[in-house]
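Biologist: Please take me through this model. I want each label set against its definition.

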Amino acid sequence: MQGYLRIGDMIAPLSLSKGPRLADGRLVSLGADGLDVGGDRWPVAYARDGDRLWVHLGGQIHELVWVDPVAFHEAAGAAGANNIVAAPMPGLVVRLIASEGQEVCEGDPLLVIESMKLETTLRAPADGALALQVAAGQGFDRGAPLATITPKD
Amino acid sequence: MTYPFDSVLVANRGEIAARILRTVKAKGLRALLVAHVVDGRTPAMALADETMMIEGDTPVAAFLDGDAIIAAARAMGAGAIHPGYGFLSENAAFARAVEAAGIVWIGPAPETIDLMGDKISARRFVAERGFPVAPSVIEEDDPGNFAAHARAVGAPLLIKPSAGGGGKGMRIVRDLDTLEEEIATARSEGERYFGDGRLFIERYVEKPRHIEVQVLGDGKGGALHLFERECSLQRRFQKIVEEAPSPALDEAERQRICEAAAGIARACDYRGAGTVEFIYGGGGEFYFLEMNTRLQVEHPVTEMITGVDLVEQQLAIAAGAPLPVGQDGLFREGHAIEVRIYAEDPAAGFTPTTGPVLRLVPPAGARFDAGLVEGERVHAAFDPMIAKLIVHGADRAAALAAMDSALARLTLLGVTTNINYLRRLLADPDVAAGRMHTGLIAEKAGLAGEPPPSAETLDALCALAALAVPDVAAALEAVPEMHAAMGRWRN
């Protein structure tokens, strides 16, 4: 099985088999006293949240995202990736400017969100038909899809 | 110590509610709390003898509803109300309503809040009594010639909303040609944030340091200072690291600035704990900035160097007790540093983050004042500050080392925080040497990005992901060939 791990801006392919060993042959194991990498012991705390693995290791906190191989290749090949308006930060929808199904042009204002008392206008990333995933007054977390643009064929 | 009240209601939430309740309980008083359902289980609720839930159009509105809070206080039989910081803590009308309800207000007299809470009346009061304020122009004094008077003060200038706070609506003007435009922008921001477009303009101190002094007043003209704190490390005009003493001051300067603060507290018959904030320039000049008529977020660093429990003193003063010692009975020892743990992403411009708190293990050997517990969620309803970490050392270098160690050992998983960033910031050579100013964090924007982990760390993380995630482990079991090729990382 092959998958990918994302840490910040980095993507690492992760191929696995029994053993388990690192590519350079070092044996790895995980026990109550931490992680062992080829005889080096790392105290570690971790917690999983869906496709995310949070790790406290080496005095730093890391957020790893498991990227399914199918999803990885789909995202890489998809031209539509930038047609989703995702929430830049958690907040609240103050008002909708454009309406459901409306034909919008790149740069058109779509909706206004508020986070920490700052209002931000989100604009259309492309030309196309607008589908709204939120209503006025609704709250959302960072990264939540707020609107989708379907380009004309 | 006997108190004329047997219980204290904390009209606040988060870490400060828990911190206040700890002292309330230690003094043998009944600990009462109001809370909003969105916070779930909290450390404050675990400490409180009784908690009443409050509601509002938004969670913040619930904590701003003075009538509802006083009604809750009556229902629980509260003898006194402690407002914490933020929310209603500097609201004179609320303080009056509390007193009118026959409940003891743990804070300064409402008239003092009126006087010192308004930036313009406060700076006028302070200047008239001979304390230093920056050269400034107040719009209301002569609205028609506001810009002309400001030009006469000379660049650089700082435009501030009169009703402001938290740095919102402040504009720095270096080119006087843009003055009118900047005044218009500041006014519209002031109207938007505070419902008040009044402005004032003062001389901007380049590379300013933020130095503030803790005071305690008896409400009858007697006041003490508990030395200074430096809070120059700020992002978006909000403090994230505070320390005491300030590395900028020599003993003579410390004496002058602390005595000025105590003098201001005496002049306004200050009652309880308060903080006088100053801007300190590179040439040793300092100007009154504002007075905060409440307990500050960063009060623990003062507690660490003086051994004084400031909440205990607030309770005693509210009970009518005299100040416990004279100025020469107060000493400081060593150096204390506090960092604020925020649910935010420094690499994304310090934008707030949300998420579940999957693991929370505070480091041994440090004070950790937290507003949430493992298993709860950080949500967007309130300020993103979730905890404070405070350490003490024999000197500044020892305190910095202790903080680095404490941050490295603090486990907080499930939500992006500024913990890694704080370690990088405190390790910066200028910060380590005490060469700080309020623009340092913005200047060193490169520190905000998370540097890629070392090859060694990447190997460990890859191995952990493979071993710790059940799906991956299951897939591993299903694969017959023993070749684990954890490939090369790329951007």
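Modeller: Start with Thr112(B), which lies in helix α6 (residues 110–117) of chain B. Helices are DSSP runs of H or I with at least four residues, strands are runs of E with at least two, and both are numbered from the N terminus. A caution: this is a predicted model, where local features need pLDDT of at least 70, side-chain atom pairs count only at pLDDT 80 or more, and totals for chains, interfaces and linings use all residues. Residues are numbered from 1 along each chain as its sequence is written, chains are lettered from A and ligands numbered from 1 in the order in which they are written, and side-chain values use heavy atoms, with hydrogens and water left out.

Biologist: Why is Thr112(B) called buried?

Modeller: Its relative accessibility is 7%. Buried means under 20% relative accessible area, exposed means over 50%, and partly exposed is in between (1.4 Å probe, protein chains only). Thr112(B) therefore counts as buried.

Biologist: Which residues is Thr112(B) in contact with, leaving aside neighbours within four places in sequence?

Modeller: Gly117(B), Cys268(B), Tyr270(B) and Thr293(B). Contact means heavy atoms within 4.5 Å.

Biologist: Where is Ala122(B), and is it buried or exposed?

Modeller: Ala122(B) sits in helix α7 (residues 119–128) of chain B. Its relative accessible area is 1%, so Ala122(B) is buried. Not counting residues up to four places away in sequence, Ala122(B) touches Leu115(B), Met116(B) and Phe288(B).

Biologist: How far is Ala122(B) from Gly154(B)?

Modeller: Their C-alpha atoms are separated by 23 Å, and the two residues are 32 apart along the chain.

Biologist: Now the whole chain. How many helices and strands does chain B have?

Modeller: Chain B has 18 helices and 23 strands.

Biologist: What makes chain B as compact as a globular protein of its length?

Modeller: Its radius of gyration is 24 Å, close to the 23 Å that the globule rule gives for 491 residues, so chain B is as compact as a globular protein of that length. The radius is taken over C-alpha atoms, and the rule is 2.2 Å times the number of residues to the power 0.38.

Biologist: What share of chain B is buried?

Modeller: Buried residues make up 58% of the 491. Among contacts between residues at least 6 apart in sequence, 65% join residues at least 24 apart.

Biologist: How is chain B divided into domains?

Modeller: Into domain 1 (7–106), domain 2 (135–203), domain 3 (209–448) and domain 4 (455–491). Such bounds come from an automatic or database domain assignment. The C-alpha centres of domain 1 and domain 2 of chain B lie 36 Å apart.
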